[in-house]
Amino acid sequence: RKDDQLTARAGYAGGTAGAVDGKVCYHNAASVADYGKLGHAEVVGLRIPPSKFKDFAVEYFKLFDAQGDRPDQAGDRGGEYRSLVGLPGGAKGPYAKILVDASIATGDKLDFAFGKGDDKDARKTSFVMDSENFPFYVAEQYHQFHDGFNLNENYPSSYNNLASIFAKSGENFGSCPKGSLGLGIAGL
């Protein structure tokens, strides 16, 4: 794909409170629409062609180790970091069986739970959410296309600059305050 065809965006989903005045925000000093307090988890929103959903699901399950742990399991814990997949129709929708089949094909490392919203983090569990009842809320611009948090997990500037390019072309990343200290850098 070309850069302008990328659909992945960092964001929030899975809470029962929805948005506050149209906002769901990262932790911030003003406590405006804090995603954690609203019951949301950090997620990645994607637009996947139906014919490619199985390929996506296989890649998703490859993120988990042989014990079913996420790469961040040792550090990031709690409802804000729970594993969830939002699908049209949720566990009863047409993609749920494809998701389960892909899990089995990659070692059946996870359990699935019906996402009810505000779910607690559960090791080796992925909550299946109905994306119509629990919509995706795009995160702030500074949360898009940034470097990783592990040592030497740095990406090229061409990747890091994508958020600015998308914003300049008119994409709306909301109007949330910038991070805990107002800097918008690593959540500060």
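Trainee: Which residues do ring pairs link into a cluster in this predicted model?
Mentor: The cluster joined by ring pairs consists of Phe-53, Phe-56, Tyr-60, Phe-61, Phe-64, Tyr-95 and Phe-112, and the structure as a whole holds 11 aromatic pairs.

Trainee: What makes Phe-145 and Phe-166 buried?
Mentor: Buried means under 20% relative accessible area, and Phe-145 has 9%, while Phe-166, in helix H4, has 7%, so both residues meet the cut-off.

Trainee: How do you know that the charged end of Arg-9 sits over the ring of Phe-166?
Mentor: The charged end of Arg-9 is 4.1 Å from the centre of the Phe-166 ring, where the distance limit is within 6 Å, and Arg-9 is accordingly listed as sitting over that ring.

Trainee: Why do Cys-25 and Cys-176 count as a disulfide?
Mentor: Their sulfur atoms are 2.0 Å apart, and because the rule asks for sulfur atoms within 2.5 Å, Cys-25 and Cys-176 qualify; the pair links distant parts of the chain, 151 residues apart.

Trainee: What makes this disulfide of Cys-25 and Cys-176 left-handed?
Mentor: The torsion about the S-S bond is about -80 degrees, so the disulfide is left-handed.

Conventions
Residues are numbered from 1 along each chain as its sequence is written. This is a predicted model: local features need pLDDT of at least 70, side-chain atom pairs count only at pLDDT 80 or more; totals for chains, interfaces and linings use all residues. Side-chain values use heavy atoms; hydrogens and water are left out. Helices (H or I, at least four residues) and strands (E, at least two) are DSSP runs, numbered from the N terminus. Rings of Phe, Tyr and Trp (its six-membered ring) pair if their centres lie within 6.5 Å; planes under 30 degrees apart count as stacked, over 60 as edge-to-face and the rest as tilted. Buried means under 20% relative accessible area, exposed over 50%, partly exposed in between (1.4 Å probe, protein chains only). A charge sits over a ring if NZ of Lys or CZ of Arg is within 6 Å of the ring centre and within 35 degrees of the ring normal.
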